[in-house]
Amino acid sequence: MSDARQSGPREWRRLDPVIDQETSYRAVSSRDARFDGVFFTAVRTTGIYCRPSCPATTPKRQNVHFYPSAAAAQGAGYRACRRCRPDTVPGSPDWNLRADLVGRAMRMIGDGVVDREGVTGLAARLGYSERHLTRELVAELGAGPQALARSQRAHTARLLLQTTGLSATDTAFAAGFASVRQFNDTVREVYGLTPTELRRRPGQQGRPGQPAPVPGTIPLRLAHRGPLAAAQLFDFLAVRAVPGVEEVVDTGRTRTYRRTLALPGGPGTAEVDQPRRPQGWLDCRLTLSSLRDLTSAVQRIRALFDLDSDPDAVDRQLGADPLLAPLVAARPGLRSPGHVDPGELAVRAVLGQQVTVAAARTLAGRLAERYGEPLPAPSGGLTRLFPSSAALAEADPADLAMPGARQRALRGLCAALATGSVDLSPGVDREQAAAALLALPGIGPWTVSYIRMRALADPDAYLPGDVGVRHGLRAVGGAAAPDDTAWRPWRSYAVHHLWAALSTPALNTTEPEAI
């Protein structure tokens, strides 16, 4: 039996340790959005599956089955609810938290590895056989890698059908399908509609008060679990924006973060609006050289804004600590931003060693101007991609305005990234990556922890020697070396709370924390 069509229902290995069946049903009865993406509800009498917060009438308990993934529900013969659109929910927070095979595989599938390299490529990257990988994914998620990727392709196809004027044929191949027939069959199976019917659904022509889509752009809603400390998130990105590569534009009515993207199919740009009020999503617009990069681009922006986080779990854990409780109460839903390009973040971490954020940003901007690949056409203040590791490994020493030891550290890091001896790609084993980084000259524990926190989206990275953390601890009356074990597994969020605790401009601008 293929991994795309599994018999059901059954008790999946992952679901029971997380939440039992009766608790799941209570979550559905109360329409608890905290569980959206953690599990899916399938209704036997209607043949559809929903997110737990679906506003439809709560089905009877005896008619409900629970699945740990949308792909598992689809494999059991259920189609997606047209009302709550379960394919748009935030991803499970498990995948950033977990460092095991399944967690790593899910991060890679989310980045489009199966679409680009197939299941064989995914298994090779993870270092396991295809059979073992499929067995583990089916045991925990009810679907193998091909079925999980197929579910993701269906979601991408729906986005393209409803937000672009692409033909069905172009949409099929842009979404990663191997044939138009496969595309048609999948859309009908997942959504209960033909591609033409899905495109023509009423209410898909834009929301009242929203500007018309700009030709060539793909407008998206990036869902997240609430709450979201949006102001702090955009502030964090704004002070670190590298000229030419990133910018934050404030029109007075809204603030928009914009940046360039280096994607497998060519350069792209993304812009994300800061919400003026809580709404459960961020408005995003993507411009891509190849529409095949849509899945990767969305996943990378989600990682940058930490949109798959579970803020309730984080705030509950950190808020129980008397030291952090006032900070959590002041900024509920504070995120730990990741990054769209792990290699870029690693370089910027070295540039930020022992200098201010402003100085590191200036140096990064100069290197981008000198070595970054120009965009085919500038977009506002965005003119180029951040330089590749290979380009910076050969940079002229005169362009590296830093001490000799840090120059050697930067060159060594870039050479290791360019040759692949250091791998920071999505799904990499974090412990192995950390060990490889520490083996490089000039790369110490602080730099490795910062790279883990942002480039590798590790929710439990701590920076005890960071000056900003020390100042933050002093600002809240904490000890210089607190017992951080109570903050596990959310120490990255504790770091951001301590950084945010700095109330004076002097502390914020002299903090030697990497960009």
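Which residues does Asp32 touch, not counting residues up to four places away in sequence?

## Asp32 and its surroundings

Let's start with that one residue. In this predicted model, Asp32 touches Ala27, Pro52 and Ser53 once residues up to four places away in sequence are set aside. You will find Asp32 in the loop that runs between helix 2 (21-29) and strand 1 (40-43).

Is Asp32 buried or exposed? Its relative accessible area is 14%, and because buried means under 20%, Asp32 counts as buried.

## The overall fold

Stepping back, the protein has 24 helices and eleven strands. Its radius of gyration is 23 Å, close to the 24 Å that the globule rule gives for 515 residues, so the protein is as compact as a globular protein of that length.

Of the 515 residues, 56% count as buried. Sequence separation is worth a look too: among contacts between residues at least 6 apart in sequence, 68% join residues at least 24 apart.

## The nonpolar cores

In soluble globular proteins, nonpolar side chains tend to be buried together. Here, the largest nonpolar core has 111 residues, and Leu286 and Phe305 are the members that touch the most others. Leaving aside neighbours within four places in sequence, Leu286 is in contact with Gly216, Thr217, Ile218, Leu220, Leu261, Thr269, Ala270, Leu294, Ala297, Val298 and Ile301.

Another core, of 21 residues, lies apart from the largest one. Its members include Ala105, Met108, Leu148 and Ala149.

## Space inside the protein

Rolling a probe the size of a water molecule over the atoms shows where empty space is left. How many cavities of 30 Å³ or more does the structure hold? There are three of them, and the largest cavity contains about 130 Å³ of space. Its lining is made of 18 residues, and the closest to the centre are Asn96, Asp306, Ala457, Pro459 and Tyr493.

Which helices each supply at least two residues of that lining? Helix 4 (94-97) and helix 23 (491-500) both do. By residue type, the lining of the largest cavity divides into nine nonpolar, five polar and four charged residues.

How values were computed. Residues are numbered from 1 along each chain as its sequence is written. This is a predicted model: local features need pLDDT of at least 70, side-chain atom pairs count only at pLDDT 80 or more; totals for chains, interfaces and linings use all residues. Side-chain values use heavy atoms; hydrogens and water are left out. On a 1 Å grid over the protein atoms alone, a cavity is a set of points where a 1.4 Å probe fits but cannot get out, and a pocket is an open set with protein on both sides within 12 Å along at least five of seven lines; lining residues have an atom within 4 Å of a point. Grid points are joined across faces, edges and corners, and a volume is the space filled by probe spheres set on the points. Helices (H or I, at least four residues) and strands (E, at least two) are DSSP runs, numbered from the N terminus. Ala, Val, Leu, Ile, Met, Phe, Trp, Tyr, Cys and Pro count as nonpolar, Asp, Glu, Lys and Arg as charged, and the others, Gly among them, as polar. A nonpolar core is a set of buried Ala, Val, Leu, Ile, Met, Phe, Trp, Tyr and Cys residues joined through side-chain atoms within 4.5 Å. Buried means under 20% relative accessible area, exposed over 50%, partly exposed in between (1.4 Å probe, protein chains only). Contact means heavy atoms within 4.5 Å. The radius of gyration is taken over C-alpha atoms; the globule rule is 2.2 Å times the number of residues to the power 0.38.
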